[in-house]
Amino acid sequence: MRKTPTKRDNGPAYLLLAPILILLTIFVVIPFFYALVVSFYDWSFYQESAFVGVRNYYLVLTDDLFLESVWTGLKFALMVVPAMLILAFLFANVVKNLSPRFSGFVKTSIYIPTIISGIVASVIFVFIYDYTAGLANYILGWFGMEPKAWLAEVGTALPSIAVPAVWLGFGLTALIMLSGLHDIPESYYEAAALEGAGTWAKMRHITIPLMRNVILYLLVTGFTAQISQFELSLVMTNGGPLSETVTPNLYILNHFRNDVMVGNSIAASLLLFVVLGSISAVIFRVLNSEKAVDG
Amino acid sequence: MHAKKGKKLQSLTAMSSALLTLSLAVTACGGSNGSGEASPSASASSSAAASPSASASASPSASASASESAAPAEKVKIDFWTQKFEDTTDAWFKKYVDAYNKSQSNVEIKLTIVPGDAWDQKMKAAQAAGKAPEIRTISYGNIANAAKTGQILPLDDLMAPAVFDDLYDNVKEFVNVGGKYYAYPKLVEPSSVMFYRKDLFEAAGLDPEKPPTTWAELLEDAKALTKKGVFGLSIAQNAPDLGWSSWGLQYNAAGHLALTDDWSKADINNDGYKALYKFYQDAYQSGAMPKQQLAPYADIKGFGEGKVAIQICGSWAIGQLRNSYKNLIDKVGIAPMASIDGDQTKPTATLGGWTLAVDGKAGHPQQAADFISYLLAGDPQIMIDFFKSAQFSKFSPRKSVDEAMKTDPDASKDTWRALIAEKIIPYAKAEPLYPWDVALAVSTGIESAMKGTSVDKAIAKAEKDVNDFIAKNKLAGTNPRA
């Protein structure tokens with residue numbers, strides 16, 4: 001039963017939309033266009049800004065470090081997001097079949113990292129990765145292995161930072177997955193069971209297709225969030241060793257803090273926006289190649 | 001029909017994705033700014049330098065307003081921001097701001113203490129909003145650029161000329177840009193001093209009264225001192241720390257810093273810089289250094305906890321040792337950092353430190369400068385009080401203060417103070433004014449040499465990076481002191 005929208009409904013609808021529209025305008029749309037304008041200037045707070053055209057963009061795009069940082073961000077997201085999604089998916093399937101009381105306890109426990117700030121998590125993991133007294137090297141010691149310079153070796157630094165990122169994002173991802181699972185009607189599984197479908201067949205043909213929108217959402221938000229990640233590397237490695245863990249936002253922050261003129265960091269931010277937008281678009285494109293299924 | 005719907009859906013999703021990423025990008029860029037680490041800029045590195053404990057203890061509660069007394073309406077109110085330093089420094093600022101506010105009824109100074117890692121963001125935001133404090137702390141390395149861009153005012157007409165004559169000649173240069181004084185210095189701190197454990201020297205069969213004086217000896221001793229659980233040597237080992245802490249050694253090995261005087265090109269492809277890169281490479285690869293730093297360069301924690309036998313750190317570490325690692329003090333020796341060839345009159349350190357300056361848009365420049373005159377350039381006892389509370393880990397830029405300190409019983413019997421004041425500071429150099437990117441390119445080269453790149457390759461890469469930066473940013477001929 002669908003009602004045709006009438007004029008009568010428009011008033012309240014606009015009223016309800018107004019707060020978010022106003023807030024978005026003030027905090028997102030206006031600053032965005034202002035940033036766009038400023039990015040064409042050599043901008044300082046004490047002197048007349050000088051128009052420099054696309055020079056800021058030229059400087060950022062020809063800076064190897066910026067391109068490297070985007071690549072670092074991508075690598076980081078590719079480490080974190082799939083690991084997080086797979087773990088969360090498995091975990092959600094386990095929790096779904098637990099007794100209500102026990103699952104409540106489990107859900108609360110895994111949600112705890114989500115409410116811990118990235119800074120706190122970084123500090124905790126800095127202790128874990130400490131060279132002489134850290135938990136990680138202590139455990140290596142059990143097997144008679146030499147201590148490892150987790151955060152100072154080119155090969156291990158980025159994965160070492162990815163671990164707390166997974167830990168931080170896991171809880172929320174698992175809960176969203178779980179609610180997606182609960183949304184799938186039991187009758188589908190019962191019908192499939194009657195047809196003789198096994199566990200794997202059910203997962204491949206029912207669970208995963210019906211979770212498409214949930215996974216799509218988690219992929220897009222996950223990728224944008226992880227590529228934008230910067231507290232972890234700021235606190236844990238300060239971008240090092242060399243520039244292995246300089247994520248795009250850390251690059252921008254460093255320029256914002258150090259540069260005399262701020263045009264460069266704004267241009268870099270806008271370019272990062274383009275990068276994030278294109279990645280999201282690609283994900284939408286790939287996952288939407290078939291018609292979206294509504295559960 | 002199907003295709004049409006699909007297209008509509010696509011544009012809708014594209015739009016919502018754009019909005020989503022937009023909001024994410026915006027929130028991510030403007031979002032949290034807290035961190036535990038000191039920032040890697042020349043300025044902020046000195047902030048870490050000035051306060052190794054500050055970075056760890058930075059918290060919102062650190063910002064505090066000191067003035068409580070409600071002032072009559074006609075009083076001029078002047079905002080004064082300082083970075084968060086050691087607690088003793090904060091207390092010293094509060095004490096004398098209060099004293100100044102009580103001593104007269106025209107001006108009220110409002111002190112705000114800003115954590116070092118929030119400083120840049122907070123200051124930039126305030127500058128953008130036109131609400132920057134009239135008086136602020138600024139490190140030597142940032143003065144020239146701030147003066148050039150009009151962020152701070154020349155003080156020549158606002159302060160008595162005599163107060164500048166009281167400064168040591170090398171420090172006078174630090175605050176002078178284009179013939180004008182843009183800030184008044186509070187303190188100087190050499191960036192590298194050698195701290196070593198006399199007891200471990202003895203245990204390893206070395207003479208505790210003869211610390212190493214050449215780089216070769218330093219590496220040799222470091223190897224001899226390395227035992228299970230104790231590393232022989234700790235020195236900066238990542239690019240952001242190396243960026244500023246190696247300046248003294250760059251002077252030591254090459255006699256100059258990374259750029260030619262007119263800033264037209266890199267000046268590092270020479271024997272001096274090669275020797276420097278080699279020194280760091282050998283130190284790291286000898287196994288005498290921890291593979292991952294135990295604490296940032298500015299923090300002497302590893303040494304204090306007994307895990308390091310020789311630590312190179314700034315003079316500020318004296319304060320940290322005396323406050324946090326009291327039982328170790330008897331076993332600690334202190335000496336100038338080893339020199340490339342043993343000549344201890346060559347610079348091994350740069351002098352970092354802090355000054356006060358008046359904002360370029362200040363509404364009451366005269367009153368602001370008067371306060372600076374009172375606090376930093378007036379009664380020597382005020383400054384002596386400061387150096388005492390800092391456990392003599394910082395040093396005076398003023399001749400009259402040092403003169404007065406000679407008669408002070410605590411100051412005159414402090415041998416560490418004397419050693420640094422007599423054997424390190426006179427040979428120390430000013431921090432460079434060139435952009436941090438240049439320093440970072442050089443130090444990234446050092447780090448890559450430590451991590452296994454050959455010295456020649458690392459230098460070639462750093463040289464190319466620096467020259468690229470110069471070309472792109474049109475740096476040639478912009479040295480404000482040339």
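Two strands are taken to pair if DSSP finds at least two bridges between them.

## Confidence

The model scores ipTM 0.78 and pTM 0.78. For chain B the pLDDT averages 84, and 85% of the residues score at least 70. Where pLDDT is low, the predicted coordinates should not be read in detail.

## The four-stranded sheet of chain B

In chain B, 4 strands make an open sheet with the order E9-E10-E8-E11, and the pairing is mixed. Strand E9 (231–234) and strand E11 (332–336) of chain B are the edges; each has a single partner strand, so one side of each has no neighbour in the sheet. From one strand to the next, the twist averages 15°.

Strands of a sheet pair through backbone hydrogen bonds, either parallel or antiparallel. For strand E8 (residues 193–197) of chain B and E11(B), the sense is antiparallel, over 5 bridges. Within this pair, B:Phe195 has B:Ile334 in E11(B) as its bridge partner.

Helices also meet this sheet. Helix H10 (residues 215–225) of chain B packs on the sheet and touches E9 and strand E10 (308–313) of chain B. The direction of H10(B) makes about 140° with that of E9(B). Helix H20 (residues 415–424) of chain B lies across E8 and E11 of chain B and runs at about 15° to E11(B).

## The three-stranded sheet of chain B

Another open sheet in chain B has 3 strands in the order E7-E12-E14, with mixed pairing. Its edge strands are strand E7 (189–190) and strand E14 (429–430) of chain B, each of which pairs on one side only. E7(B) pairs with strand E12 (residues 350–352) of chain B in the antiparallel sense over 2 bridges. Here B:Pro190 stands opposite B:Leu351 in E12(B).

## Helix packing

Two packed helices are described by the angle between their axes and the distance between the axes.

| Helix pair | Angle | Axis distance |
|---|---|---|
| H12(A) (residues 248–258) and H13(A) (residues 263–287) | about 165° | 8 Å |
| H3(A) (residues 64–96) and H10(A) (residues 212–227) | about 145° | 9 Å |
| H13(B) and H21(B) (residues 436–450) | about 40° | 8 Å |

What is the angle at which H12(A) and H13(A) pack? Helix H12 and helix H13 of chain A pack at an angle of about 165°. That makes H12(A) roughly antiparallel to H13(A), because angles over 145 degrees count as roughly antiparallel. H12(A) passes H13(A) in a left-handed crossing. On the H12(A) side, the residues that meet H13(A) are A:Pro248, A:Tyr251, A:Ile252, A:His255 and A:Phe256. Their counterparts in H13(A) are A:Asn264, A:Ser265, A:Ala268, A:Ser269 and A:Leu272. By class, this contact of H12(A) with H13(A) has 6 nonpolar, 4 polar and no charged residues.

The crossing of H3(A) past H10(A) is right-handed. In H3(A), the residues that meet H10(A) include A:Gly73, A:Leu74, A:Phe76 and A:Ala77. Among those that H10(A) brings to the contact are A:Ile215, A:Leu218, A:Leu219 and A:Gly222. The contact of H3(A) with H10(A) divides into 12 nonpolar, 3 polar and no charged residues.

In chain B, H13 and H21 pack at about 40°, which makes H13(B) oblique to H21(B). Their crossing is right-handed. B:Tyr277, B:Tyr280, B:Gln281 and B:Tyr284 in H13(B) meet B:Gly445, B:Ile446, B:Ala449 and B:Met450 in H21(B). The contact of H13(B) with H21(B) has 6 nonpolar, 2 polar and no charged residues.

## Backbone details in loops

The peptide bond from A:Gly240 to A:Pro241 is cis, and its omega is near -10°. Where does A:Pro241 lie? A:Pro241 is in the loop between helix H11 (231–236) and H12 of chain A.

In chain B, B:Trp263 is not a glycine, yet has a positive phi of about 60°. B:Trp263 belongs to the loop between helix H12 (247–254) and helix H13 (271–285) of chain B.

Key
Residues are numbered from 1 along each chain as its sequence is written. Chains are lettered from A and ligands numbered from 1 in the order in which they are written. This is a predicted model: local features need pLDDT of at least 70, side-chain atom pairs count only at pLDDT 80 or more; totals for chains, interfaces and linings use all residues. Axes are lines fitted to C-alpha atoms, for helices over the stretch in contact, and angles run from 0 to 180 degrees between N-to-C directions. Two residues are in contact if their C-beta atoms, placed from the backbone, lie within 7 Å. pLDDT is the predictor's confidence in each residue, from 0 to 100. Angles under 35 degrees count as roughly parallel, over 145 as roughly antiparallel, 65 to 115 as roughly perpendicular and the rest as oblique. A crossing is left-handed if the near helix is turned anticlockwise from the far one by less than a right angle, and right-handed if clockwise. Ala, Val, Leu, Ile, Met, Phe, Trp, Tyr, Cys and Pro count as nonpolar, Asp, Glu, Lys and Arg as charged, and the others, Gly among them, as polar.
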